[in-house]
Amino acid sequence: VTMGGVLLAQKNHEQSMIQLEQSAFETIIATESAYWNLVLAREQLEVAKLALDAAQQLLDRSKARIESGAQAQYELLSAQAEVAARQQEIIQWQATVGQAQDELKRLTGIAQLPIGWGIDILPTEQPLVATRVTAADSLLSLAMRSRPDVRVAEQQREARLLSLRLQHNALLPSLNATGGLTLADGSPRSYGKSLDEIATVEYPS
């Protein structure tokens with residue numbers, strides 16, 4: 001195992017950990033989005049119900065005015081059409097609430113419960129209104145540093161650069177030298193003195 005291989009394996013491991021973090025991050029974001037989609041759908045459903053109540057009151061007044069002769073018949077038809085439109089809107093928002101609940105159940109695992117699909121989710125948290133405005137540049141910089149996909153791309157780039165350097169080094173010539181010195185007479189000699197005498201008559205080469 002070479003040092004280059006160890007470094008490349010380390011980069012690949014770091015990349016895998018960031019990808020795992022990215023997967024968890026995406027799941028959290030999707031779950032939060034599904035929650036707020038449910039909150040919005042329920043709020044819109046309540047607004048649609050209020051609109052239906054107002055339309056129904058208008059219809060009732062129209063009927064009373066027609067009976068008293070103070071309003072034309074065609075105005076009653078307009079009020080009835082308004083009530084029908086508000087009823088249709090309620091049906092649409094009820095379907096949207098159901099879809100938002102199903103998505104949230106799927107992401108949170110509630111759908112895996114025996115009665116998961118039958119559970120009615122009632123959000124308890126409402127969105128907060130920011131009272132402090134942060135500079136756009138600061139928010140962008142923080143977002144870029146926090147995004148796992150950006151960090152994954154950076155790790156991939158570093159891993160490719162390291163791999164290219166290793167491939168380049170593998171193409172370079174290598175030199176391995178091994179040397180040894182043995183004294184035939186066994187007499188004690190210093191390393192430097194022995195080197196000087198290698199090519200002499202006493203120690204022929």
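Biologist: Leaving aside neighbours within four places in sequence, what is L38 in contact with?

Modeller: V97, A100, Q101, L104, I121 and P123, where contact means heavy atoms within 4.5 Å. Keep in mind that this is a predicted model, where local features need pLDDT of at least 70, side-chain atom pairs count only at pLDDT 80 or more, and totals for chains, interfaces and linings use all residues. Residues are numbered from 1 along each chain as its sequence is written, and side-chain values use heavy atoms, with hydrogens and water left out.

Biologist: OK, and which residues touch the most other members of the largest nonpolar core?

Modeller: L38, L59, V83, I90, V97 and L104, out of 19 residues. Such a core is a set of buried Ala, Val, Leu, Ile, Met, Phe, Trp, Tyr and Cys residues joined through side-chain atoms within 4.5 Å. Buried is under 20% relative accessible area, exposed is over 50%, and partly exposed is in between (1.4 Å probe, protein chains only).

Biologist: Where does the largest share of this core come from?

Modeller: From α1, with eleven residues. Helices here are DSSP runs (H or I, at least four residues), numbered from the N terminus.

Biologist: Switching topic, what does E125 touch, not counting residues up to four places away?

Modeller: Y35, W36 and V39. The C-alpha atoms of E125 and V39 are 8.5 Å apart, though 86 residues separate them along the chain. E125 is partly exposed at 47% relative accessible area.

Biologist: And how confident is the predictor, as average pLDDT for the chain?

Modeller: The average is 76, and 61% of the residues score at least 70, on a confidence scale from 0 to 100.

Terms used
Helices (H or I, at least four residues) and strands (E, at least two) are DSSP runs, numbered from the N terminus.
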